[in-house]
Amino acid sequence: MSARDRLRVLGSKYGAAILAETGDARTAQELSDRLEVPIATCYRRIEELHEVGLLERLDPPPEAPTQAPERYRRVPAELRIRFDGEVTTTMIERTGASLALDDAWRQTQGTA
């Protein structure tokens, strides 16, 4: 995805807020409630963030009911933007170790 596409999505209403709230996995309904975003808008922004590689869909946990809603988590730990004659973005992805620690923390808190 191009840097301009990422910036467009981040600059859209609620795009950056949704990305900021998905350090931990969240459902669209949770994001809608937390950010007071209409649910339809929330789903649109989630899809846009997913399309540009900033948000990932997670499989439901094994103990979740079969109709469990999808959860989403941001991909980058950091996103760097450069305006050096041309717009570029560099994603610093979350490491497997940091994701495992996040998951372990959620389990100890009973939120996994």
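**Fold and packing of the predicted chain**

Among contacts in the chain between residues at least 6 apart in sequence, 48% join residues at least 24 apart. The model described here is a predicted one, and the chain comprises five helices and five strands, whose order from the N terminus on is α-α-β-α-α-β-β-β-β-α. Of the 112 residues of the chain, 33% count as buried.

Three of the strands form an open sheet in the order β1-β3-β2, with antiparallel pairing. The edges of this sheet are taken by β1 (26-27) and β2 (55-58), each of which pairs on one side only. Between β1 and strand β3 (residues 71-74) the antiparallel pairing extends over two bridges, and R26 stands opposite Y72 in β3. A further antiparallel pair is made by strand β4 (residues 76-83) and strand β5 (residues 87-93), which are joined by seven bridges; in this pair, E78 is placed opposite I92 in β5. The hairpin of β4 and β5 has three residues between the strands, and G85 in this hairpin adopts a positive phi near 80°.

In general, two packed helices are described by the angle between their axes and the distance between the axes. For helix α3 (residues 28-35) and helix α4 (residues 39-51), the packing angle is about 115° and the axes lie 9 Å apart, while the crossing of α3 and α4 is right-handed. On the side of α3 the contact is made by A28, Q29, L31 and S32, and on the side of α4 by I39, C42, Y43 and I46. Sorted by class, the residues of this contact between α3 and α4 are six nonpolar and two polar, with no charged residues. Helix α4 also lies across β2 and β3, running at about 105° to β2.

When its neighbours within four places in sequence are left aside, S32 is in contact with V37, P38, I39 and C42.

In soluble globular proteins, nonpolar side chains tend to be buried together. The largest nonpolar core of this model has 16 residues, of which I18, L19, C42, I46, L49, L54 and L55 touch the most other members. At least two residues of this core are supplied by each of α1 (3-11), α2 (15-21), α3 and α4, and α4 gives the most, with three residues. For L19, the residues touched, not counting those up to four places away in sequence, are L10, L49, L54, L55 and R74.

The residues A16 and R45 are 29 residues apart along the chain, yet their C-alpha atoms are separated by 9.4 Å.

Notes
Residues numbered from 1 in each chain as written. Predicted model: local features only at pLDDT ≥ 70, side-chain atom pairs only at ≥ 80, totals over all residues. Heavy atoms only, no water. Axes fitted to C-alpha atoms, helices over the stretch in contact; angles between N-to-C directions. Helix = DSSP H or I, 4+ residues; strand = E, 2+ residues; numbered from the N terminus. Left-handed = near helix turned anticlockwise from the far one by under 90°. Contact = heavy atoms within 4.5 Å. Nonpolar A, V, L, I, M, F, W, Y, C, P; charged D, E, K, R; others polar. Pairing = 2+ DSSP bridges. Core = buried A, V, L, I, M, F, W, Y, C linked by side-chain atoms within 4.5 Å. Buried < 20%, exposed > 50% of the residue type's maximum accessible area, 1.4 Å probe, protein only.
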